[in-house]
There are 2 protein chains.
Amino acid sequence: MSSPRPRGTKDRHHEILDAAARVITERGLADTRISDVAEAAGVSPGLILYYFESKDRLLSEALTYANDQFYLRMSREIRRISSAREQLRRLVDLSVPGYLAEYGKLDEWALWIEVWVRALRDPQMAKDRELLDQRWRQSIADIVRAGQASGEFAAGDADELALRLGSLIDGLAIQVAMNDSQVTPERMHRACMEVAANLIGFELEPASA
Amino acid sequence: MSSPRPRGTKDRHHEILDAAARVITERGLADTRISDVAEAAGVSPGLILYYFESKDRLLSEALTYANDQFYLRMSREIRRISSAREQLRRLVDLSVPGYLAEYGKLDEWALWIEVWVRALRDPQMAKDRELLDQRWRQSIADIVRAGQASGEFAAGDADELALRLGSLIDGLAIQVAMNDSQVTPERMHRACMEVAANLIGFELEPASA
DNA sequence: CGCAGGTTTGAACGGCGGGTCAAGCCGTGG
DNA sequence: CCACGGCTTGACCCGCCGTTCAAACCTGCG
């Protein structure tokens, strides 16, 4: 169709990044080979190196790309909920690995852990991770502020509350993602909501028993 | 001296595991080669494979070994403190990366993250991780129970409190270990202690202002 | 002394996989 | 219809470890 701009290029980038994210999720960063990504994307190995200057760069980009996608999806979902308490509940729903049947089990969190490992030594990844995390805390803080404005939540330092709640979610999610027999998705969900209600200052149930 | 038993063998095992843990901490699991470990241990590469059947086995053992060491050190330290509240404070001190100058910065937490990555795919490591984590939660729960018995803390489900507090520590520690500019060791420490006081039910300061 | 067994060495092997490249494959514009 | 240039292929090269192994090295004992 229209041709002046390099049409396929942008698509290829995304296709490859998507494929890479999928492969990393199921095989792990360490066991991901270029040929795996190529196969998953349905192209030849050589093409991968045509679009990305090195395997390292590809994997780094894929990691931040995938986390970005997740964030955007969550963001979109939450924005259409009006009650701050329900927004918070939905955020927790989406954060508990395997809590919602419609989403994959490991997926997001497995990638996060790979990001952490990499960020320990790769300065660029460290920077990206900090930004990603900041945005995640920010979106919690926004919910808190909205709730405080509407009177659903008690007053308090929204940023500090976001840090605490977000960290609790991180810590619990790790264990759930690892299939810890003591830490089930349900238990995690309950813990998050109760601590949130306690820290932020709201009632768990609107009015029902 | 005495000779019937294989004398040097046990030492060599530990020497190599120590060396491996050190190398993993500074280079990362992915970039750790057998020759690195050999060099760090002051022996030849061949000897490593004489004591461990494969690189994989060596690294797995090194990871759990190192975490074990950390746990034991902390355990010992805490046992000699009498007040439950002070025990808890000490536990938090030791858990905040870089909070105490005398201990290394990354060290423990960097290894934890490597454990997590591995546990996602290696069933044996998954099992070991669960045990390690259970023990960690247990030691928090023990402190809580002690405090409840002595009247320092309010009543409550010690195991559930331990899970929540432990997870919060995990989640915060990750960010501190990554040098997140927003999450300083001091901020993490404060957050842990305040949430602990709130959840568990005790006063932060004994009596002073 | 010299043998025996466990220990230690380091050179050599082999496979794996990232990266390169020369050659084909198109679609487009002349 | 041809020539150009971006896209795509897959075979190939090459360095890097994990692993193996034969030989050397101790140390204690007969």
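These legends describe close-up views of a predicted model. Residues are numbered from 1 along each chain as its sequence is written, with chains lettered from A and ligands numbered from 1 in the order in which they are written. Local features need pLDDT of at least 70 and side-chain atom pairs count only at pLDDT 80 or more, while totals for chains, interfaces and linings use all residues; side-chain values use heavy atoms, leaving out hydrogens and water.

**View 1. Chain A and its helices.** Chain A has nine helices and zero strands (DSSP runs numbered from the N terminus, helices being H or I of at least four residues and strands E of at least two). The C-alpha atoms of chain A fill a box of roughly 60 × 45 × 35 Å along the principal axes.

**View 2. Helix 7 and helix 8 of chain B.** Helix 7 (residues 123–150) and helix 8 (residues 158–177) of chain B pack with axes 8 Å apart, at an angle of about 125 degrees (axes are lines fitted to C-alpha atoms, for helices over the stretch in contact, and angles run from 0 to 180 degrees between N-to-C directions). The two helices of chain B are therefore oblique to each other (under 35 degrees is roughly parallel, over 145 roughly antiparallel, 65 to 115 roughly perpendicular and the rest oblique). Contact (heavy atoms within 4.5 Å) involves residues including B:Trp136, B:Ile140 and B:Val144 of helix 7 and B:Leu161, B:Leu165 and B:Ile169 of helix 8. By class, this contact has ten nonpolar, two polar and four charged residues (Ala, Val, Leu, Ile, Met, Phe, Trp, Tyr, Cys and Pro are nonpolar, Asp, Glu, Lys and Arg charged, and the others, Gly among them, polar).

**View 3. Helix 4 and helix 5 of chain B.** The axes of helix 4 and helix 5 (residues 84–95) of chain B come within 10 Å and cross at roughly 150 degrees; the pair is therefore roughly antiparallel. B:Phe70, B:Met74, B:Glu77 and B:Ile78 of helix 4 meet B:Gln87, B:Arg90, B:Leu91 and B:Leu94 of helix 5. Five of these contact residues are nonpolar, one is polar and two are charged.

**View 4. Lining of the largest pocket.** A pocket is an open set of points on a 1 Å grid over the protein atoms alone, where a 1.4 Å probe fits, with protein on both sides within 12 Å along at least five of seven lines; lining residues have an atom within 4 Å of a point. The largest pocket is lined by 34 residues, and A:Ala30, B:Leu29, B:Ala30, B:Glu114 and B:Val117 lie nearest its centre. Helix 4 of chain B gives the most to this lining, with seven residues. By class, the lining has nine nonpolar, six polar and 19 charged residues.
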